Amino acid sequence: KAGKTASEVDQCIGRTPPAKLDPMKVAGVAVLVVVLGAVIVVGYRATRRNLDPVAKAGQQLGLTVQQARDKTTLSGEYKGFALKVEASPPEAGDGDAYVRAMVLSKVDPKTVVRFGPLAPPTGLDLPDLDAPEVSDARLPEGYKLRLSAGTDGEPLLSGDIGFQLRAFDPADIRVHDGMAAVTCWQVPSSPEKVVEFIDIAVVVARQYGKAA
């Protein structure tokens, strides 16, 4: 207050009373913070899943869905094949979006196929497969085809696989080491389109399956 000396101020500071905490209030605030945090987390996850067509497709197909900060992952069995799907998170912008469907079973381990863009977009680790390059006038512009000896590339050029892939251009097929992977540098806007993309990977796996 006005008129107080410096020594009186020092004495006042030295006699600062201890803080008084009400245990009940502290416990109540702590519980409220925990409940609000849980509500926020649950709401965030639900909203994120609703915005993620890949996660919704996984639920429709009965696959295990894992949503991390950097990607969405689906895993499980689909139409008799071991399947894994990886996709960019729903927050990813243009240039960072992708979805990759991998069939991990019933594929001939000796078959090597690369069908896709000459220079795929950067950001994804795609194996550089060693197989003879095939020249064909039916190859889409900017695409190339590599096939191991005795492997039939006709389904990619004139069959349903090549036709269906046009809806996901640019898209890439790589078959090697007993697996078939189909990659697209966009995320389909609906769960139904995601399922359609996964079905293409299954068709590729059937085409290049193990000999009976």
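Is Val65 buried or exposed, and what is its relative accessible area?

**View 1. Val65 in strand β1 of the predicted model.** Val65 is buried, with a relative accessible area of 17%, where buried means under 20% relative accessible area, exposed over 50% and partly exposed in between, with a 1.4 Å probe and protein chains only. The residue belongs to strand β1, residues 64-67; helices (H or I, at least four residues) and strands (E, at least two) are DSSP runs numbered from the N terminus. Between the C-alpha atoms of Val65 and Tyr78, which are 13 residues apart along the chain, the separation is 14 Å. The model is predicted, so local features need pLDDT of at least 70 and side-chain atom pairs count only at pLDDT 80 or more, while totals for chains, interfaces and linings use all residues. Residues are numbered from 1 along each chain as its sequence is written, and side-chain values use heavy atoms, with hydrogens and water left out.

**View 2. The crossing of helices α3 and α6.** The axes of α3 (residues 53-61) and α6 (residues 191-207) come within 8 Å and cross at roughly 70°, the axes being lines fitted to C-alpha atoms, for helices over the stretch in contact, with angles from 0 to 180 degrees between N-to-C directions. That angle makes α3 roughly perpendicular to α6, a term for angles of 65 to 115 degrees.

**View 3. The largest nonpolar core and Phe115.** In this core of 42 residues, the members that touch the most others are Val85, Phe115, Leu156, Leu165, Ile173, Val175 and Val204; a nonpolar core is a set of buried Ala, Val, Leu, Ile, Met, Phe, Trp, Tyr and Cys residues joined through side-chain atoms within 4.5 Å. Helix α6 gives the most to the core, with 9 residues. Leaving aside neighbours within four places in sequence, Phe115 is in contact with residues including Leu139, Tyr143, Leu156, Leu165 and Ile173.

View 4. A cis peptide bond, with omega about -5°, joins Asp169 and Pro170, and Pro170 lies in the loop between α5 (160-165) and β8 (171-176). Lys106, although not a glycine, has a positive phi of about 65°; this residue lies in the loop between β4 (99-103) and β5 (113-117) and is partly exposed, with a relative accessible area of 47%. Asp177, in the loop between β8 and β9 (179-184), has a positive phi near 50° and is exposed, with a relative accessible area of 65%.

Conventions:
Parallel < 35°, antiparallel > 145°, perpendicular 65-115°, else oblique. Contact = heavy atoms within 4.5 Å.
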